[in-house]
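User: Please go through this structure with me, one point at a time.

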Amino acid sequence: MRKILTLTTSAICLFAATTSYALSATQTVKKEVTRVLENGQTVTEQVDATLVTPGEKVIYMFDIYNDETEAVNDLVLAMPVPKEIQFIEGSADREGSSVTYSVDDGKSFHERDDLNVRENSGLNRAATTDDITHVRWNISGPIAVGEGDQVLFKGRLR
């Protein structure tokens, strides 16, 4: 069974390639805060992103839960990178999935090493983290009935 999930920052759209399904999906946005304890130990925590200032690290998480009556395989999830966020290299890497990226608002996706941008001059250059507009994960699965999974990426507020 092939499942396709497309996530936007304002809404979650679910599409099925073959049949209807009942996957639950939740998006969460957190920020990463590092602080030093009295004993000198450094601790990094994820807290609600109610107020984020430029330069702070933000985490976009997408949690899914399989409400189906059978395991889900071949799941595809795509999440946009908001324009005010600079993607952090390597933050979307995830064991058990292949990750591809878009620089054209999700029209096409490529592996990171193959990601290029066409300049106004007509020449191509390697894409930087500033150019990434979407991240897509292909999760082969399975995600068992009653089980959940998560994808995420990190970025910095510009």
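This is a predicted model: local features need pLDDT of at least 70, side-chain atom pairs count only at pLDDT 80 or more; totals for chains, interfaces and linings use all residues.

User: Which strands stand at the edges of the open sheet of five strands?

Analyst: The strand order is β4-β3-β5-β12-β7, with antiparallel pairing. A strand at the edge has a single partner, so one of its sides is left without a neighbour in the sheet. From one strand to the next the twist averages 40 degrees. The edge strands are β4 (42-48) and β7 (85-87).

User: Which residue in β5 stands opposite Lys-30?

Analyst: Strand β3 covers residues 24-36 and runs antiparallel to β5, residues 57-65. Nine bridges join these two strands. Opposite Lys-30, the residue in β5 is Ile-59.

User: Which element gives the largest share of the largest nonpolar core?

Analyst: This core has 26 residues, and those touching the most other members include Tyr-101, Trp-137 and Phe-153. Two or more residues come from each of β5, β6 (73-80), β7, β8, β11 (134-139) and β12 (148-157). The largest share is four residues, and the element giving it is β5.

User: Is Arg-112 buried or exposed?

Analyst: Arg-112 lies in the loop between β8 (97-102) and β9 (116-118). The cut-off for buried is under 20% relative accessible area. Because its relative accessibility is 18%, Arg-112 counts as buried.

User: Which residue's backbone oxygen does the side chain of Arg-112 reach?

Analyst: Beyond its neighbours within four places in sequence, Arg-112 is in contact with Glu-89, Tyr-101, Ala-127, Thr-128, Thr-129 and Ile-132. The backbone oxygen reached by the Arg-112 side chain, at 3.1 Å, belongs to Ala-127.

Terms used
Residues are numbered from 1 along each chain as its sequence is written. Side-chain values use heavy atoms; hydrogens and water are left out. Buried means under 20% relative accessible area, exposed over 50%, partly exposed in between (1.4 Å probe, protein chains only). A polar contact is a pair of N or O atoms within 3.5 Å; within protein, one must be able to donate a hydrogen and the other to accept it, and residues adjacent in sequence count only if both atoms are side-chain atoms. Contact means heavy atoms within 4.5 Å. Two strands pair if DSSP finds at least two bridges between them. Axes are lines fitted to C-alpha atoms, for helices over the stretch in contact, and angles run from 0 to 180 degrees between N-to-C directions. A nonpolar core is a set of buried Ala, Val, Leu, Ile, Met, Phe, Trp, Tyr and Cys residues joined through side-chain atoms within 4.5 Å.
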